[in-house]
Amino acid sequence: MVAPKQLYAVIAGCGRLGSYVANKLSARGHSVVVIDVDETTFDALSSEFSGYRIEGDATEFRILQEAKTDKADLLLAVTHEDNVNLMVAQVAKKVFKVPNVMVRVNDPMREQVYHDMGIDTICPSIVAGDAIAAIAGALAFPAE
Amino acid sequence: MHIIIVAERKLAYFLCRTFQAKKYDVTVINRNREDCSWLARRTSATIVFGDGSSPQVLQDAGAETVDAVLAAAPRDEDNLVICQLAEMKFHVPRIISLVNDPDNEQVFRQLGIADTFSITLLLSSLIEQRVDSVGISNLIPVAEGKITVTEVRLTDKSPAAGKAMSEIQMPENSLVACVLREDQAIVPRGTTVISGSDRLIVISVPQNHSAAMRILTGEPVE
(Lines give C-alpha, C1' and ligand atoms only; values in the text may rest on other atoms or scores of the structure.)
Protein backbone atom coordinates (compact mmCIF):
# COMPACT_ATOMS: atom_id res chain seq x y z
CA MET A 1 0.00 0.00 0.00
CA VAL A 2 1.25 3.46 -0.88
CA ALA A 3 1.61 5.80 2.09
CA PRO A 4 -0.70 8.82 1.78
CA LYS A 5 1.03 12.02 0.73
CA GLN A 6 1.71 14.48 3.52
CA LEU A 7 -0.06 17.70 2.62
CA TYR A 8 0.90 21.24 3.49
CA ALA A 9 -2.30 23.13 4.25
CA VAL A 10 -2.82 26.81 5.01
CA ILE A 11 -6.08 27.62 6.79
CA ALA A 12 -7.22 31.22 6.98
CA GLY A 13 -9.68 31.61 9.83
CA CYS A 14 -9.60 29.58 13.02
CA GLY A 15 -13.28 29.75 13.93
CA ARG A 16 -15.50 26.71 14.35
CA LEU A 17 -14.96 25.42 10.82
CA GLY A 18 -11.29 26.41 10.52
CA SER A 19 -10.26 24.90 13.83
CA TYR A 20 -12.25 21.72 13.14
CA VAL A 21 -10.51 21.15 9.81
CA ALA A 22 -7.12 22.15 11.25
CA ASN A 23 -7.43 19.60 14.07
CA LYS A 24 -8.56 16.92 11.68
CA LEU A 25 -5.81 17.47 9.11
CA SER A 26 -3.16 17.72 11.80
CA ALA A 27 -4.39 14.48 13.44
CA ARG A 28 -3.98 12.74 10.08
CA GLY A 29 -0.35 13.77 9.97
CA HIS A 30 -0.55 16.68 7.53
CA SER A 31 1.32 19.89 8.20
CA VAL A 32 -1.01 22.75 8.88
CA VAL A 33 -0.66 26.50 9.34
CA VAL A 34 -3.61 28.41 10.74
CA ILE A 35 -3.98 32.17 10.41
CA ASP A 36 -6.38 34.30 12.41
CA VAL A 37 -6.49 37.96 13.44
CA ASP A 38 -7.64 36.97 16.89
CA GLU A 39 -5.19 34.79 18.78
CA THR A 40 -7.83 33.66 21.28
CA THR A 41 -9.37 31.58 18.47
CA PHE A 42 -6.30 29.33 18.64
CA ASP A 43 -7.70 28.00 21.93
CA ALA A 44 -10.06 25.93 19.79
CA LEU A 45 -7.11 23.92 18.47
CA SER A 46 -6.70 20.57 20.18
CA SER A 47 -3.72 19.79 22.38
CA GLU A 48 -2.54 17.31 19.71
CA PHE A 49 -2.49 20.02 17.05
CA SER A 50 1.10 20.09 15.83
CA GLY A 51 0.87 22.82 13.21
CA TYR A 52 1.80 26.51 13.26
CA ARG A 53 -0.32 29.44 14.35
CA ILE A 54 0.04 32.89 12.81
CA GLU A 55 -1.73 35.83 14.37
CA GLY A 56 -2.47 38.23 11.54
CA ASP A 57 -4.76 39.33 8.73
CA ALA A 58 -4.66 36.85 5.86
CA THR A 59 -5.62 39.58 3.38
CA GLU A 60 -2.18 41.07 4.02
CA PHE A 61 0.14 39.72 1.38
CA ARG A 62 2.99 39.55 3.87
CA ILE A 63 1.06 37.29 6.21
CA LEU A 64 0.43 34.80 3.41
CA GLN A 65 4.12 34.97 2.56
CA GLU A 66 4.98 34.29 6.17
CA ALA A 67 2.71 31.24 6.04
CA LYS A 68 4.76 29.99 3.05
CA THR A 69 1.61 29.87 0.97
CA ASP A 70 3.71 29.33 -2.16
CA LYS A 71 4.55 25.84 -0.83
CA ALA A 72 0.97 24.93 0.08
CA ASP A 73 -0.89 22.01 -1.53
CA LEU A 74 -4.14 23.27 -0.13
CA LEU A 75 -5.54 26.56 1.12
CA LEU A 76 -8.83 26.94 2.91
CA ALA A 77 -10.33 30.40 3.28
CA VAL A 78 -12.86 29.95 6.05
CA THR A 79 -13.02 33.16 8.10
CA HIS A 80 -16.51 34.41 8.94
CA GLU A 81 -16.20 37.21 6.37
CA ASP A 82 -16.98 36.44 2.74
CA ASN A 83 -14.85 39.19 1.28
CA VAL A 84 -11.80 38.21 3.30
CA ASN A 85 -12.23 34.63 2.12
CA LEU A 86 -12.70 35.62 -1.50
CA MET A 87 -9.63 37.83 -1.50
CA VAL A 88 -7.42 35.31 0.29
CA ALA A 89 -8.55 32.53 -2.02
CA GLN A 90 -7.84 34.50 -5.17
CA VAL A 91 -4.45 35.66 -3.96
CA ALA A 92 -3.59 32.05 -3.07
CA LYS A 93 -4.74 30.76 -6.43
CA LYS A 94 -3.47 33.45 -8.78
CA VAL A 95 -0.43 34.87 -7.01
CA PHE A 96 0.89 31.95 -4.95
CA LYS A 97 -0.36 29.33 -7.44
CA VAL A 98 -1.77 27.05 -4.76
CA PRO A 99 -3.22 24.05 -6.64
CA ASN A 100 -6.22 23.46 -4.37
CA VAL A 101 -8.14 26.37 -2.93
CA MET A 102 -11.49 26.20 -1.19
CA VAL A 103 -13.54 29.14 -0.02
CA ARG A 104 -16.45 29.50 2.29
CA VAL A 105 -18.94 32.08 1.03
CA ASN A 106 -22.04 32.69 3.13
CA ASP A 107 -23.95 34.87 0.68
CA PRO A 108 -25.42 32.56 -1.99
CA MET A 109 -25.54 35.36 -4.60
CA ARG A 110 -21.90 36.22 -4.14
CA GLU A 111 -21.07 32.54 -4.18
CA GLN A 112 -22.65 32.15 -7.61
CA VAL A 113 -20.50 34.88 -9.17
CA TYR A 114 -17.25 33.45 -7.83
CA HIS A 115 -18.28 29.89 -8.57
CA ASP A 116 -18.75 30.95 -12.19
CA MET A 117 -15.25 32.40 -12.08
CA GLY A 118 -13.88 28.93 -11.42
CA ILE A 119 -13.26 29.20 -7.70
CA ASP A 120 -14.24 26.24 -5.50
CA THR A 121 -16.77 27.83 -3.23
CA ILE A 122 -18.75 26.25 -0.43
CA CYS A 123 -21.89 27.96 0.74
CA PRO A 124 -22.97 26.54 4.12
CA SER A 125 -26.55 27.76 3.67
CA ILE A 126 -26.83 25.92 0.35
CA VAL A 127 -25.21 22.74 1.73
CA ALA A 128 -27.50 22.76 4.77
CA GLY A 129 -30.49 23.86 2.69
CA ASP A 130 -30.02 21.02 0.20
CA ALA A 131 -29.67 18.51 3.02
CA ILE A 132 -32.84 19.75 4.64
CA ALA A 133 -34.68 19.75 1.33
CA ALA A 134 -33.55 16.14 0.77
CA ILE A 135 -34.90 15.12 4.18
CA ALA A 136 -38.14 16.97 3.49
CA GLY A 137 -38.31 15.25 0.10
CA ALA A 138 -37.84 11.84 1.73
CA LEU A 139 -40.68 12.60 4.13
CA ALA A 140 -42.96 13.69 1.31
CA PHE A 141 -42.22 10.63 -0.83
CA PRO A 142 -41.61 7.82 1.65
CA ALA A 143 -41.82 5.18 -1.12
CA GLU A 144 -38.66 6.46 -2.88
CA MET B 1 -21.67 60.52 -16.10
CA HIS B 2 -23.25 58.34 -13.46
CA ILE B 3 -20.94 57.00 -10.76
CA ILE B 4 -21.40 54.72 -7.77
CA ILE B 5 -19.19 55.46 -4.78
CA VAL B 6 -18.75 52.99 -1.95
CA ALA B 7 -17.17 54.89 0.91
CA GLU B 8 -17.37 55.90 4.54
CA ARG B 9 -19.19 59.01 5.68
CA LYS B 10 -16.59 61.78 5.27
CA LEU B 11 -14.88 60.42 2.21
CA ALA B 12 -18.25 59.83 0.56
CA TYR B 13 -19.31 63.35 1.43
CA PHE B 14 -16.26 65.08 -0.05
CA LEU B 15 -16.32 62.87 -3.14
CA CYS B 16 -19.99 63.72 -3.63
CA ARG B 17 -19.25 67.40 -3.37
CA THR B 18 -16.44 67.15 -5.89
CA PHE B 19 -18.32 65.02 -8.39
CA GLN B 20 -21.55 66.95 -8.11
CA ALA B 21 -19.67 70.17 -8.85
CA LYS B 22 -18.76 68.44 -12.09
CA LYS B 23 -22.45 67.62 -12.64
CA TYR B 24 -21.97 63.89 -12.19
CA ASP B 25 -24.89 61.81 -11.17
CA VAL B 26 -23.70 60.24 -7.91
CA THR B 27 -24.99 57.22 -5.98
CA VAL B 28 -23.36 56.44 -2.65
CA ILE B 29 -23.48 53.00 -1.05
CA ASN B 30 -22.81 52.97 2.67
CA ARG B 31 -23.42 50.26 5.22
CA ASN B 32 -24.01 52.47 8.22
CA ARG B 33 -27.57 53.68 8.63
CA GLU B 34 -26.58 56.84 10.49
CA ASP B 35 -23.99 57.73 7.86
CA CYS B 36 -26.63 57.28 5.19
CA SER B 37 -29.07 59.75 6.74
CA TRP B 38 -26.18 62.14 7.44
CA LEU B 39 -25.18 61.98 3.77
CA ALA B 40 -28.76 62.27 2.58
CA ARG B 41 -29.18 65.52 4.51
CA ARG B 42 -26.00 67.07 3.19
CA THR B 43 -25.76 65.96 -0.42
CA SER B 44 -28.17 65.56 -3.30
CA ALA B 45 -26.70 62.17 -4.17
CA THR B 46 -28.80 59.04 -4.17
CA ILE B 47 -27.91 57.17 -1.01
CA VAL B 48 -28.21 53.39 -0.82
CA PHE B 49 -27.99 51.78 2.60
CA GLY B 50 -26.28 48.42 2.43
CA ASP B 51 -23.16 46.39 1.86
CA GLY B 52 -21.59 47.50 -1.41
CA SER B 53 -20.01 44.10 -1.87
CA SER B 54 -23.43 42.46 -2.06
CA PRO B 55 -24.67 41.85 -5.61
CA GLN B 56 -28.21 42.76 -4.57
CA VAL B 57 -27.18 46.13 -3.15
CA LEU B 58 -25.08 46.97 -6.20
CA GLN B 59 -28.04 46.16 -8.38
CA ASP B 60 -30.33 48.38 -6.30
CA ALA B 61 -27.80 51.18 -6.72
CA GLY B 62 -28.10 50.83 -10.49
CA ALA B 63 -24.82 49.07 -11.19
CA GLU B 64 -26.20 47.70 -14.46
CA THR B 65 -26.36 51.14 -16.02
CA VAL B 66 -23.68 53.28 -14.36
CA ASP B 67 -20.56 54.52 -16.13
CA ALA B 68 -18.18 53.99 -13.24
CA VAL B 69 -17.76 52.43 -9.81
CA LEU B 70 -15.35 53.84 -7.26
CA ALA B 71 -14.59 51.41 -4.44
CA ALA B 72 -13.19 53.45 -1.57
CA ALA B 73 -14.13 51.39 1.47
CA PRO B 74 -11.65 51.22 4.35
CA ARG B 75 -10.94 47.53 3.85
CA ASP B 76 -9.14 46.23 0.80
CA GLU B 77 -10.98 42.91 0.67
CA ASP B 78 -14.30 44.75 0.41
CA ASN B 79 -12.98 46.93 -2.38
CA LEU B 80 -11.73 43.90 -4.28
CA VAL B 81 -15.10 42.18 -4.14
CA ILE B 82 -16.96 45.38 -5.05
CA CYS B 83 -14.75 45.83 -8.11
CA GLN B 84 -14.98 42.22 -9.20
CA LEU B 85 -18.76 42.14 -8.89
CA ALA B 86 -19.02 45.45 -10.76
CA GLU B 87 -16.89 44.05 -13.53
CA MET B 88 -18.04 40.44 -13.80
CA LYS B 89 -21.68 40.69 -12.89
CA PHE B 90 -22.61 44.20 -13.97
CA HIS B 91 -20.02 44.91 -16.67
CA VAL B 92 -19.38 48.45 -15.45
CA PRO B 93 -17.11 50.18 -18.01
CA ARG B 94 -14.82 51.96 -15.55
CA ILE B 95 -13.81 50.58 -12.17
CA ILE B 96 -11.46 52.28 -9.76
CA SER B 97 -10.35 51.01 -6.39
CA LEU B 98 -8.70 52.46 -3.36
CA VAL B 99 -6.08 50.22 -1.79
CA ASN B 100 -4.96 50.76 1.77
CA ASP B 101 -2.10 48.30 1.99
CA PRO B 102 0.38 49.45 -0.71
CA ASP B 103 1.30 45.79 -1.38
CA ASN B 104 -2.23 45.29 -2.62
CA GLU B 105 -1.77 47.56 -5.62
CA GLN B 106 0.23 44.75 -7.20
CA VAL B 107 -2.09 42.07 -5.83
CA PHE B 108 -5.20 43.79 -7.24
CA ARG B 109 -3.56 44.09 -10.63
CA GLN B 110 -2.84 40.37 -10.65
CA LEU B 111 -6.48 39.74 -9.79
CA GLY B 112 -7.62 41.85 -12.73
CA ILE B 113 -8.29 45.22 -11.10
CA ALA B 114 -5.88 47.51 -12.91
CA ASP B 115 -7.11 50.90 -11.82
CA THR B 116 -6.07 51.39 -8.22
CA PHE B 117 -4.70 54.18 -6.13
CA SER B 118 -2.95 53.81 -2.85
CA ILE B 119 -3.61 56.54 -0.33
CA THR B 120 -0.60 55.42 1.67
CA LEU B 121 1.74 55.84 -1.28
CA LEU B 122 0.15 59.13 -2.33
CA LEU B 123 0.48 60.57 1.16
CA SER B 124 4.02 59.40 1.72
CA SER B 125 5.22 60.80 -1.57
CA LEU B 126 3.39 64.07 -0.96
CA ILE B 127 5.00 64.43 2.41
CA GLU B 128 8.45 63.60 1.09
CA GLN B 129 8.01 66.17 -1.61
CA ARG B 130 6.73 68.90 0.70
CA VAL B 131 9.68 68.34 2.96
CA ASP B 132 12.05 68.64 0.02
CA SER B 133 11.06 72.05 -1.14
CA VAL B 134 8.27 74.47 -0.44
CA GLY B 135 7.86 75.55 -4.04
CA ILE B 136 7.08 72.05 -5.21
CA SER B 137 3.83 70.36 -4.36
CA ASN B 138 1.14 67.95 -5.46
CA LEU B 139 3.47 65.22 -6.47
CA ILE B 140 1.31 62.41 -7.83
CA PRO B 141 2.85 59.07 -8.73
CA VAL B 142 1.18 57.57 -11.80
CA ALA B 143 1.52 54.03 -13.16
CA GLU B 144 3.00 52.51 -9.97
CA GLY B 145 5.33 55.49 -9.61
CA LYS B 146 6.90 55.14 -13.07
CA ILE B 147 5.81 58.71 -13.77
CA THR B 148 5.40 61.64 -11.40
CA VAL B 149 3.25 64.70 -11.85
CA THR B 150 4.47 67.76 -9.96
CA GLU B 151 3.30 71.31 -9.51
CA VAL B 152 6.14 73.84 -9.32
CA ARG B 153 5.78 77.43 -8.17
CA LEU B 154 8.38 79.67 -9.81
CA THR B 155 9.89 82.91 -8.56
CA ASP B 156 11.58 85.73 -10.49
CA LYS B 157 14.90 84.17 -9.51
CA SER B 158 14.02 80.83 -11.10
CA PRO B 159 16.30 80.06 -14.07
CA ALA B 160 13.27 79.30 -16.23
CA ALA B 161 11.68 82.73 -15.65
CA GLY B 162 11.78 84.94 -18.72
CA LYS B 163 12.80 82.14 -21.04
CA ALA B 164 10.83 80.70 -23.93
CA MET B 165 10.02 77.01 -23.58
CA SER B 166 12.28 76.20 -26.53
CA GLU B 167 15.26 77.69 -24.64
CA ILE B 168 14.72 75.48 -21.61
CA GLN B 169 16.62 72.23 -21.94
CA MET B 170 14.43 69.77 -20.10
CA PRO B 171 16.02 66.42 -19.25
CA GLU B 172 14.97 63.34 -21.17
CA ASN B 173 11.56 61.88 -20.33
CA SER B 174 10.31 65.05 -18.70
CA LEU B 175 8.13 67.86 -19.88
CA VAL B 176 6.25 70.94 -18.80
CA ALA B 177 2.70 69.84 -19.52
CA CYS B 178 0.91 72.95 -18.43
CA VAL B 179 1.55 76.54 -17.37
CA LEU B 180 -0.82 77.93 -14.75
CA ARG B 181 -0.90 81.71 -15.08
CA GLU B 182 -3.42 83.67 -13.02
CA ASP B 183 -6.68 81.84 -13.74
CA GLN B 184 -5.54 80.38 -17.01
CA ALA B 185 -4.13 76.99 -17.86
CA ILE B 186 -1.88 77.13 -20.91
CA VAL B 187 -0.45 74.13 -22.70
CA PRO B 188 2.97 75.56 -23.60
CA ARG B 189 4.49 75.62 -27.04
CA GLY B 190 8.11 76.36 -27.87
CA THR B 191 7.34 80.05 -28.12
CA THR B 192 5.57 80.29 -24.74
CA VAL B 193 7.61 82.54 -22.43
CA ILE B 194 7.66 81.41 -18.82
CA SER B 195 7.17 84.08 -16.17
CA GLY B 196 8.39 84.17 -12.58
CA SER B 197 4.83 84.14 -11.28
CA ASP B 198 3.83 80.99 -13.17
CA ARG B 199 3.09 77.61 -11.72
CA LEU B 200 4.12 74.70 -13.89
CA ILE B 201 2.76 71.18 -14.09
CA VAL B 202 5.72 68.94 -14.80
CA ILE B 203 5.55 65.31 -15.84
CA SER B 204 8.71 63.26 -15.52
CA VAL B 205 10.17 59.87 -14.78
CA PRO B 206 11.34 59.78 -11.14
CA GLN B 207 15.03 59.44 -12.14
CA ASN B 208 14.95 62.80 -13.94
CA HIS B 209 12.64 64.52 -11.52
CA SER B 210 15.40 66.30 -9.59
CA ALA B 211 17.17 67.38 -12.76
CA ALA B 212 13.93 68.82 -14.14
CA MET B 213 13.26 70.69 -10.89
CA ARG B 214 16.79 72.10 -10.91
CA ILE B 215 16.49 73.39 -14.45
CA LEU B 216 13.17 75.08 -13.73
CA THR B 217 13.65 76.39 -10.19
CA GLY B 218 17.42 76.36 -9.74
CA GLU B 219 16.97 74.72 -6.39
CA PRO B 220 18.81 71.50 -5.84
CA VAL B 221 16.25 68.91 -4.80
CA GLU B 222 17.18 65.94 -2.54
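In this predicted model, chain A and chain B bury about 1700 Å² between them, with carbon and sulfur atoms giving 61% of that area. On the side of chain A, the residues that lose the most area to chain B are N83(A), M87(A) and M109(A), which together make up 30% of what that side buries. Counted by contact, 19 residues of chain A meet 22 residues of chain B.

Polar and charged groups also take part in the interface. The rule finds 3 salt bridges across it, and 8 residue pairs are in polar contact, both partners being at pLDDT 80 or more. A salt bridge joins the side chains of R110(A) and D51(B), at 3.4 Å from N to O. Three elements of chain A each give two or more residues to the side that touches chain B: α2 (61-66), α3 (82-95) and α4 (108-116). Of these, α3(A) gives the most, with 8 residues. Sorted by class, that side of chain A holds 10 nonpolar, 6 charged and 3 polar residues.

Leaving aside residues up to four places away in sequence, L75(A) touches V10(A), T69(A), V88(A), A89(A), A92(A), V98(A), N100(A), V101(A) and M102(A). In soluble globular proteins, nonpolar side chains tend to be buried together.

Note on methods. Residues are numbered from 1 along each chain as its sequence is written. Chains are lettered from A and ligands numbered from 1 in the order in which they are written. This is a predicted model: local features need pLDDT of at least 70, side-chain atom pairs count only at pLDDT 80 or more; totals for chains, interfaces and linings use all residues. Side-chain values use heavy atoms; hydrogens and water are left out. Contact means heavy atoms within 4.5 Å. Buried area is the accessible area (1.4 Å probe) that two parts lose on being put together, summed over both. A salt bridge is a side-chain nitrogen of Lys or Arg within 4 Å of a carboxyl oxygen of Asp or Glu. A polar contact is a pair of N or O atoms within 3.5 Å; within protein, one must be able to donate a hydrogen and the other to accept it, and residues adjacent in sequence count only if both atoms are side-chain atoms. Helices (H or I, at least four residues) and strands (E, at least two) are DSSP runs, numbered from the N terminus. Ala, Val, Leu, Ile, Met, Phe, Trp, Tyr, Cys and Pro count as nonpolar, Asp, Glu, Lys and Arg as charged, and the others, Gly among them, as polar.
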